[in-house]
Amino acid sequence: MKIAIIYSSKTGNTKALAKAIKETLKNQNLIYFNMPSEKIPMADIYIIGSWTFKGSPTDDIIQILKALKNKKIAYFGTAGYGGNPTYYQKLFERVKSYIDSSNEILGYFYCQGKMPNQIKTKYEQMLKENPSETKYKKMIDTFDNALSHPNEKDLNNVKKWINQIIDKN
Ligand SMILES: Cc1cc2nc3c(=O)[nH]c(=O)nc-3n(C[C@H](O)[C@H](O)[C@H](O)COP(=O)(O)O)c2cc1C
């Protein structure tokens with residue numbers, strides 16, 4: 001089985017997961033690890049990852065998801081507002097909408113990923129302007145919680161996740 005890992009990462013969180021996946025699949029037939037600028041490499045299993053931008057994967061990843069037909073696809077992502085399975089499920093529903101039904105979806109994995117400091121500054125400004133709005137305080141807490149992610153546990157979890165999938169396929 002030829003395996004390709006294709007990922008999009010702006011600040012390194014999703015890349016850290018991609019690298020952990022690559023490391024754990026070192027004895028497999030891994031034929032690609034990157035983001036293709038032209039043709040999508042030919043493989044049997046595609047392990048596709050993206051950071052979350054406005055509730056979706058990035059455009060380049062969306063184009064790849066849309067282009068794949070009759071393949072096996074496993075998806076991994078990082079999200080700043082993460083930390084709960086319901087949110088991740090909702091994000092994955094969006095991802096799934098870009099995947100053609102001829103493909104077999106092998107599963108998905110998400111964990112939280114730290115966000116740039118400007119986002120916290122923006123939340124703090126909003127809280128300052130609306131001190132009674134508890135949602136801004138919650139957003140700041142979520143931001144702070146994301147700062148340590150992806151951590152060792154996340155990396156171990158993504159390795160376990162992909163190993164189980166590859167063992168079955
Ligand atoms: C412009 C922008 C938009 C974002 N939109 C979302 C979002 O809609 N939902 C979410 O959970 N996280 C969002 N995030 C957080 C990132 O998805 C998160 O920090 C991710 O781990 C970044 O991954 P990377 O380091 O691989 O680029 C956003 C971050 C930025 C900078």
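Modeller: Happy to. Leaving aside neighbours within four places in sequence, I47 is in contact with I3, I5, I21, A74, F76 and I162; contact here means that the C-beta atoms of two residues, placed from the backbone, lie within 7 Å. Please keep in mind that this is a predicted model, where local features need pLDDT of at least 70 and side-chain atom pairs count only at pLDDT 80 or more, while totals for chains, interfaces and linings use all residues. Residues are numbered from 1 along each chain as its sequence is written.

I47 belongs to the largest nonpolar core, which has 30 residues, and I21, Y46 and I48 join I47 as those with the most contacts inside it. Such a core is a set of buried Ala, Val, Leu, Ile, Met, Phe, Trp, Tyr and Cys residues joined through C-beta atoms within 7 Å; buried means that 20 or more other C-beta atoms lie within 10 Å of a residue's own. Two or more residues each come from β1 (3-8), α1, β3 (45-51), α2 (59-67), β4, α3 (85-96), β5 (104-112) and α6 (152-168). These labels are DSSP runs numbered from the N terminus: helices (H or I) of at least four residues and strands (E) of at least two. Another core, of five residues, lies apart from the largest one and includes M115, Y123, F143 and A146.

Now for the wider chain. Buried residues make up 32% of its 169 residues. The protein chain has six helices and five strands, in the order β-α-β-β-α-β-α-β-α-α-α from the N terminus. Its radius of gyration, taken over C-alpha atoms, is 17 Å, close to the 15 Å of the globule rule, so the chain is as compact as a globular protein of that length; the rule is 2.2 Å times the number of residues to the power 0.38.

An automatic or database assignment gives domain 1 (3-114 + 149-168) and domain 2 (115-147). Their C-alpha centres lie 28 Å apart, and the contact between them takes eight residues from domain 1 and six from domain 2.

Finally, the ligand. Of the 21 residues around the ligand, N13, T14, W51, G80 and G113 come nearest, a residue being near if its C-beta atom, placed from the backbone, lies within 6 Å. The largest share, three residues, comes from α1.

Terms used: A residue is buried if 20 or more other C-beta atoms lie within 10 Å of its own, exposed if 12 or fewer, and partly exposed in between; C-beta atoms are placed from the backbone.
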